[in-house]
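Subject: Structure for your review

Dear colleague,

Please find the structure below, together with its sequence. I would be grateful if you would read the notes that follow with the model open beside them.

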Amino acid sequence: ELGLTPDRPFKKCARVVGDVLGKYHPHCDQAVYDALVRLVQDFSSKYPILNGHGNFGSIDDDPPAAMRYTETRLAEISQEAILKEIDLETVDFSPNFDGSQQEPNVLPAQLPFLILNGCTGIAVGMATSIPPHNLNEIVNGLLELIINPNLDEEKLIKIIPGPDFPTGGEVLLSNGINETYLKGKGSIPMRGVAHIEEVNPGKGKHKRTGIVITELPYQVNKSGWIEKLAEQVNDGKINGIADIRDESDRSGMRILIEIRRDSDPNKILKDLYRKTSLQCNYGAIMLALVNGQPIQLSLKNLLLNFLDFREKTIIRRTN
């Protein structure tokens, strides 16, 4: 309604937050802005559905600028795949909180954003935690299910082998992925990406070996991780580290850990995986509301439910 499409100029976030509060959701403005910020951050969402202009925080947990300074508009993926069919009688509308406007009960999404961007939430007696996934893999899985709705779950897992986190990192092969996809609940082990290289500290100094970390696991705060590692080095829990430097810049993440000359870098790397959150688990619970009922879904059922919804919206659009 504000006309914030990808081909139009950005508008202040305060304007968007004000509209949300006044028309649809009488809530605290900070909660609405926090939700908006998360939809812009490319390290929180695999496919951010809003574009942002200004400071929207960082992976170091720096806070975003106030809403009067930042600007936003729709990203192309949400313009095309979430809102394109909103005016074509594809979904039901109901009155807003004061009956002055109509709001959609659900958006006519053409892609399953619940599993593409992941989702975490807690309610009374239940919680959900769905990891993000790769667009190509999910679409290929959906195409296979359209051709053959009775597709074997094992074959589906070959098409969608695991989550795809926006911050990179490696997903370790384990039983956790199978449990998550077959039963709807499991623990997925993931670790950062590190390699060992020679570091040249400068003129007249001896070369040293260093561990360089270029990707951290999903939702691990970089500056917090470095701080905790420094504490463990000072307390003598991890030995053989001479220096820790954060050399990250616009081109990407780079954490350099200099190793003492008498220490084995491979042993220290194993210590980092074991004693810090460079390797950790993602506790997945694929719980979603199906016709108003919270149900723990397998990967196949989640995708079939989406296809069912998509079919209904296409029939309504055509009618």
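Which residues line the largest cavity? Please bear in mind that this is a predicted model. The lining is made up of R38, N117, G118, C119, T120, I130, P131, P132, Y218, Q219 and Y282. By residue type, six of the lining residues are nonpolar, four are polar and one is charged. The volume of the largest cavity is about 40 Å³, and the structure holds one cavity of 30 Å³ or more. As background, rolling a probe the size of a water molecule over the atoms shows where empty space is left.

The second topic is the backbone angle phi. Most residues other than glycine have a negative phi.

Q219 sits in the loop that runs between β11 (208–215) and α8 (222–234). Is Q219 buried or exposed? With a relative accessible area of 54%, Q219 is exposed, since exposed means over 50%.

The other is N291, a residue other than glycine whose phi is also positive, near 50°. N291 is found in the loop between β15 (287–290) and β16 (293–296). The relative accessible area of N291 is 78%, and N291 is therefore exposed by the cut-off of over 50%.

Yours sincerely,
A colleague

Technical notes
Residues numbered from 1 in each chain as written. Predicted model: local features only at pLDDT ≥ 70, side-chain atom pairs only at ≥ 80, totals over all residues. Heavy atoms only, no water. 1 Å grid on protein atoms, 1.4 Å probe; cavity = no way out; pocket = protein on both sides within 12 Å on 5 of 7 lines; lining within 4 Å. Points joined across faces, edges and corners; volume = space filled by probe spheres on them. Nonpolar A, V, L, I, M, F, W, Y, C, P; charged D, E, K, R; others polar. Helix = DSSP H or I, 4+ residues; strand = E, 2+ residues; numbered from the N terminus. Buried < 20%, exposed > 50% of the residue type's maximum accessible area, 1.4 Å probe, protein only.
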